Amino acid sequence: MHAAGVEEAITRVHREEWARVVAALARRFADLDVAEEAAAEAFAAAAERWPRDGVPPNPGGWITTTATRKAIDRFRRESQRDARHQAALMIQDDTPAEVLGPVEDDRLRLVFTCCHPALSMEARVALTLRLLGGLTVGEIARAFFVQESTMAQRITRAKAKIAAAHIPYRVPSAADLRERVTGVLAVVYLVFNEGYLAGEGDDAVRVDLTDEAIRLGRLLRSLLPDDGEVTGLLALMLLTDARRAARVSRTGELVTLEEQDRSAWDRALVAEGRALVDERLRVVAAGGERPGRYQLLAAVNVVHTDAPSARDTDWSRVVALYDALLRLDPSPVVRLNRAVALAELDGPLVGLAEVDRLGDVLGGYHALHVARADLLRRLGRSAEARTAYDRAIELTGNPAERAHLARRRDQLVSAGPPTGPR
Amino acid sequence: MPRYLLSVFGPADPTEFGTYPSREEMLDAFAATGAFNDRLRDEGRLVFADGLEPASTATTVDGQAERPTFTDGPYLETKEHLGGFWVIEAADLDEALALAAEGSRACRGTVEVRPFRTEESVRALTED
């Protein structure tokens, strides 16, 4: 096989099998460190041997066998073995796959361990990307703009806490499942937003992170197919990511939803996301669980992707969806988003009044000033709009968004009365 | 089974009702904590639990030199001090955290959960 073919095979197997291998080893050896290192060693061995010997007929099986052998070798090398490790060595075969449904997948245990609420959010994100996503420590460090040694220490410390504090390697009980799943989804959504709304660095969108978050979202959906919020988050990420190509202009400027070239949206992602939202709507219509925040946000995005143009958007439905979200989460950020939609429905003056009511709590939040600036501009209140744009630019880290805001500010007419209705 | 220390912290200068704003609330917290302790004991999870006298009654001792030195007051100068603690046995951190939440509600204080070293971790520490 050509070298390129082998490399491609290794990349594919890594993507498909990494989490499964780490999760299976973690259960058998009750040690995340060993699981992670043995899995990494197995892929290193593949990179060395496959170009020479060819890709084995069952690459995933080869990796699992090799990784298991590496883990056993590691324990054998250590002179003093404790009872737990000896027990792990005595198991000749993995226990037969349990037939209790996807919830028993080892990867799900790994998900809940990596996202355990006793770990800091930073540690949860790092562990999830390393142990489930298979990103290298260097890749994760670059993604979060920290030194590789800092990231390595963060991961080591988290694994040490998991071991010392006896953080369990299991799927939480039914009573705790809802809350723990919410915690897992928060980690995945944070990774997605870190990529999509890149607050640091030179890239407007960090595709490595958005792709990884979507991959994790797909994995969670395959593991918890009946969880509405898991489905909702995947749909939300797909529908948002579908607009990626239209979101930044050739000159590197952020393009707002209103100005985007809708023909550049990824129709396959839109269709996939929409199908997931439809699935949840059917469940709700049949008397199932009420939609949570991710399902509602996904539904908002369906309204946008359904509209042939910004003008044709069903804003009353958007406002109604935000009203539903407010009942679940009466936070100022949700109120801000509702106010922006309300401005489209009832006019900028109504929207502005709502936005201004949030000034005290969200004064340091760039999106508030972006919304204010836009509404003031539309009302022809140029001087106030300019001040709001300045404040928004000051608070925005994303270079594409800064460029967009600067252009909008510089296009303001110097002063004067409203130029008429929009 | 893993052991955990559940520590409760409170203000360094307690009022006449300990760390509680009134006598009534103090008595309520004592009763709830007592009931929680009884339950831990019945379930076989309790190793030890008790409340401490105020930090101002502490004496700090350093016995590392030829003659020990004694200093009036707690070792750490902080605004909040250890006020009481439980030592419990739990299957894992999830169980320990659930018990800590109950204990926190009973005694009306924030609880820090910290695992004790195990034979295994001490062995890992002493091996090279």
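Modeller: Chain B and chain A bury about 960 Å² between them, with 54% of it on carbon and sulfur atoms. Buried area is the accessible area (1.4 Å probe) that two parts lose on being put together, summed over both.
Colleague: What should I know about the model itself?
Modeller: The model is predicted, so local features need pLDDT of at least 70 and side-chain atom pairs pLDDT 80 or more, while totals for chains, interfaces and linings use all residues. Residues are numbered from 1 along each chain as its sequence is written, chains are lettered from A in the order written, and side-chain values use heavy atoms, without hydrogens and water.
Colleague: How many residues does each chain bring to the contact?
Modeller: Chain B brings 11 residues and chain A brings 12 residues, where contact means heavy atoms within 4.5 Å.
Colleague: How many salt bridges cross the interface?
Modeller: The rule finds 3, a salt bridge being a side-chain nitrogen of Lys or Arg within 4 Å of a carboxyl oxygen of Asp or Glu. One of them joins A:Arg170 to B:Asp94, with the closest N and O atoms 3.7 Å apart.
Colleague: Which helices of chain B touch chain A?
Modeller: Helix H2 (93-107) and helix H3 (119-126) each supply at least two residues of that side. H2(B) gives the most, with 3 residues. Helices are DSSP runs (H or I, at least four residues), numbered from the N terminus.
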